[in-house]
Amino acid sequence: MTKMDIGAHPPTRATAEDAARLARDLYGLVVRACPLTSEYDDNFRLEAADGTARILKVMHPMREPGFVDMQCAALMAVAARDAELPVPSVIPDRNGRPWSTAAVGDGRPRVVWMLSYLEGRPIAGLRPVTAELLEELGTALARLDLALDGFGHPSAGRELKWDFARAGWVRGHLDLLRDPRRRALVEGVLARYDAEAVPALPRLRRSVVYADANEHNVLVRVEPGRPPRLAGLIDFGDMIETVTVAEVAVAAAYAAFGAADPLAAVLPLVAGYHRRLPLVEEELAVLEPLILTRLAVSVVNSACRAAAEPADPYLTISEAPAWGALEAFEKVPPRFAHYAFRAACGLAPAPHGPAVTDWLRGSAGSFAQVLERDLRRDPVLVLDLSVGSRTLGADPAGLETPRLAETIARTMREAGAVVGVGRYDEARTIYATGAFAAGGSPVAERRTVHLGVDLSVPPGSPVRAPLDGTVHAVADNAAPKDYGPLVILRHAIPSGEEFFTLYGHLDGVSVAGLEPGAAVRAGQAFAAVGAPPANGDWWPHVHVQVVLDLLGLDEDFPGVAAAGRRALWTGLCPDPNLILGIPEERFPRPERAKSETLAARRKALGRNLSVSYREPLKIVRGWMQHLYDETGRAYLDAYNNVPLVGHSHPRVVRAVQEQAALLNTNTRYLHDNLVRYAERLAALMPAPLRVVYVLNSASEANELALRLARTRTGREDVIVLESAYHGHTTGLIDISPYKFDGPGGRGRKPWVHVAPLPDDFRGPFRRGDPEAGRKYAAAVGRLASEARGGPAAFIAETLPSVAGQIVLPPGYLAEAYRHVRAAGGVCIADEVQVGFGRLGTRFWGFETQAVVPDVVVLGKPIGNGFPLAAVVTTEEIAASFDNGMEFFSTFGGNPVACAAGLAVLDVMEEERLQERALRVGGHFIAGLMRLAGRHPLVGDVRGSGLFLGLELVRDRRTLEPAAAEAAYVVERLRESGVLAGTDGPFHNVIKIRPPLCFSEDDADIVVAALDGILSEDPVRKD
Ligand SMILES: Cc1ncc(COP(=O)(O)O)c(C=O)c1O
């Protein structure tokens, strides 16, 4: 080891003064030198007067000059070939030499050289290390290796303890590993190294590689509110001529450090490398053994150094995460990592897969029927069991076995089908038990993608072998929603490759006599379809799956996979229809993929129809406070206030369905739904708000409110609040500063008067000033007097939402209304966002300000998503509006919409949702307040009930808005399964307004997710 390790000879260290002198004498630079920590050599950061930073390296006296010469030559070669690659460039000395020697310290000559300084911080400890960043790292390493292609240097052949060709040295030091389990782990790795890597290495392509993308050498750029990006690669001291794939193996070993799921970290890196410099199959085959070998060398090296220098904790700093990675890799089933690497590189996961699938395809039509029925000719119905299945609906109770079985039986009966087919590669939400969850969180990605085909036939129906085989396994996986009794058959194709067919949910008695190893002939009935609950508690069907490699998992081989690894698992489990032979035309056209939906939307719809998130969501199912995307990923909806009582609330759904099935017409005929609804709404309002108009959207309602005010006053002018939004029609854009002053806006019309936003966090009058409300309202008074002929109306949200979830200061509306009424104007309360109990303390927002408006506008949550809106006003105003001109809105007040509105009010009452908003909101605010205590970025927590805002600021003194950070937080929330939004004039307020069925546990999930995200480097403030 000594030969390969110069650490045993500590030098006399060079000082900062030495460095400044060398910079002056050798490079003609006047600099300030600052020592950097390093193991062997003395490195300095030099700063010139113009701010330019450079690195001066004064090498260990034992270093061979060739070692530095190699690095200089390599860096110059890279600069010539790929000038954009972020690696340091060599700065020649006054004589144009890349390095020179100088006497430093004890007088021994030392090699001195200089590099440009790369801005950035090490990736070590970075949060989060995203898949994109690792992919970027992979790509950069590939570019580096491409730039080094053909590069050679005598020193690249030196002996190095990290060289994969020499890893065997660790064998002599295994006694230093005291824990027998860990020692066995390393021995296992070395056995794989010998068996898999050593014979392959001589056949693999070779080149000089960097081979040191460790967590201190990979630099990243972290900017506020932006995902971390790669900034550069430094330290070329471990460069060596070896197998090219070593580059990936070393980087992957470090990427896996400390990861619970090492593949999640390694796969993007491999994919990024492969995209630029394709890896060949033989390289991918040795990648896992090489990664493990590197980790094993690392832990043994740490043990050696700890033994040599027990007092130095730095020497073993990488030991714990390296062990963590080794132990995490140990949990990955055999061959799975190899298959995953192949899939990440666009290859068939199992190398023998194409031979098997080609043979299956070529043998189509020759297989025996698995059932007594002929799937090609008998009436077969392909069922829709997908996440967005209209057959199944959103209610999880409908996905439980008795109802699911009834639904499937009824659907098949109605279609006259004798076999119901459950599709392969279909994402489903029927897998509800913990066994399908990744962890404790209800919003983490679950296993959802079906890897087999389900054949639904009555219990007891015989199941036959489609082709000759032997029994590989017989088991009873009795846990609920598992396979129940299952059989795995082993088959071989004529060229010798093996594969398996798996049959789940069988009848236990029918397979009791089957023994592993027994031969099964094509067409032989070897089992029968089981019945719940013994069949894993599913509806009666047989799950048929083709498996190319059981990965040693046998009866525990999954039948359902996570969508994040869809290509890998479907690659390992090809479509069983290759054997079953159900004609393609019997399958409905598949749903559009998300990318197709997005492309079609862009083509068919106006481009400014906005879509949320960098990676848009395709949502296909909603249930209460959860939304589900097409892969079955559940999201906690903390954003949508429209589904007030919960997405797809069964009570509202039923009311709409029943009424739509009976009658939907307009208000020219009498109908009790309309009058009942108007009575119920009016009863929720204080006197004198007694007259109701029912419309379709809040925009339509606000338009009507303006007409009421103008007819009543005979005036035109309107006073609005800064940053307000009241709707999308021409007239409402004119009174919405958020729009007319925003992008594409055409400015303020002369008849519009904008009052300052009464924002007691950011505005001139702050919380704690008891007069703040009155002071802000004074501006309304001023504008009322300025309006030409007096104002027709003052319109304001009672808690401005678009303006940033603002809670008006006490007394504001009372004062503002007083001014407006004194000037003869009408006071309009826009309750579109905040009404209907959301605030917890009161049913309506205006009640929190102890005022009674002249006109109240209702929308959004009013119909739980059904198009419905309303205006409620006084007899007096209604009378002036009744001026001879007929009022009619075609769909407004139709019986179906009113049925929805009535059902919403019923649910609000029966489920006491206003009380719930108060209780859960209180819990939520307390959690958010705790976040504010921990994270300086949180400038303000405000709101009431389940109408909440979190204002992010870069500086609590200057209140500089943290807009990029807010956008980052919302994107990252979505990745953690939580939906929220941003709003406010500076887009720095995180808006939280979930359905009122939200629970304390849900609030805790949001708070915990926020806590984690606010600790991430792009938003963390220390
Ligand atoms: C306060 C307020 N008023 C009115 C509207 C208009 O509602 P709609 O889009 O349903 O017409 C909105 C919509 O966001 C709103 O936030």
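**Entry 1. Serine 723**

I looked up serine 723 and found it buried, with a relative accessible area of 14%. I use "buried" for under 20% relative accessible area, "exposed" for over 50% and "partly exposed" in between, with a 1.4 Å probe and protein chains only. Serine 723 has a positive phi of about 65° although it is not a glycine. I located serine 723 in the loop between β27 (718-721) and α18 (730-734). Helices (H or I, at least four residues) and strands (E, at least two) are DSSP runs, numbered from the N terminus.

I note that this is a predicted model, in which local features need pLDDT of at least 70 and side-chain atom pairs count only at pLDDT 80 or more, while totals for chains, interfaces and linings use all residues. Residues are numbered from 1 along each chain as its sequence is written, and side-chain values use heavy atoms, with hydrogens and water left out.

**Entry 2. Lysine 481**

I then turned to lysine 481, which is not a glycine and yet has a positive phi of about 70°. Lysine 481 counts as buried at 14% relative accessibility. I found lysine 481 in the loop between β16 (469-477) and β17 (484-492). These two strands form a hairpin with six residues between them.

**Entry 3. The open sheet**

I traced an open sheet of eight strands with mixed pairing, in the order β11-β12-β14-β21-β18-β17-β16-β19. Its edge strands, β11 (380-382) and β19 (519-520), each pair on one side only. Two strands pair if DSSP finds at least two bridges between them.

I saw helix α11 (residues 401-415) pack on the sheet, where α11 touches β11, β12 (419-422) and β14 (453-456). Contact means heavy atoms within 4.5 Å. The direction of α11 makes about 125° with that of β11; axes are lines fitted to C-alpha atoms, for helices over the stretch in contact, and angles run from 0 to 180 degrees between N-to-C directions.

I followed the antiparallel pairs next. β16 and β17 pair over seven bridges, and valine 471 stands opposite leucine 489 in β17. β17 and β18 pair over six bridges, with leucine 502 in β18 as the bridge partner of isoleucine 488. In the hairpin of β17 and β18, which has five residues between the strands, glycine 496 takes a positive phi near 105°. Five bridges join β18 (residues 498-504) to β21 (residues 542-547), and threonine 501 stands opposite valine 546 in β21. I also checked the cover of β17: seven of its nine residues are buried.

**Entry 4. Cis peptide bonds**

I recorded a cis peptide bond between arginine 127 and proline 128, with omega about -5°. Proline 128 lies in the loop between β6 (121-122) and α3 (131-147). Another cis bond joins alanine 687 and proline 688, with omega about 5°. Proline 688 is in the loop between α16 (672-683) and β26 (689-695).

**Entry 5. The ligand**

I listed the residues around the ligand, among them Ser697, Asn702, Tyr725, His726, Glu797, Asp830 and Lys860; a residue is near a molecule if one of its heavy atoms lies within 4 Å of it. Helix α17 (residues 698-713) gives the most to this shell, with three residues.

I looked up distances to oxygen atoms of the ligand. A polar side-chain atom of serine 699 lies 2.5 Å from one, and a polar side-chain atom of glutamine 833 lies 2.7 Å from one. For alanine 698, a backbone N or O atom lies 3.5 Å from an oxygen atom of the ligand. The protein covers 85% of the 390 Å² of accessible area that the ligand has on its own, by the Shrake-Rupley method with a 1.4 Å probe.

Definitions and conventions. Polar contact = N/O pair within 3.5 Å; in protein donor to acceptor, adjacent residues only side chain to side chain.
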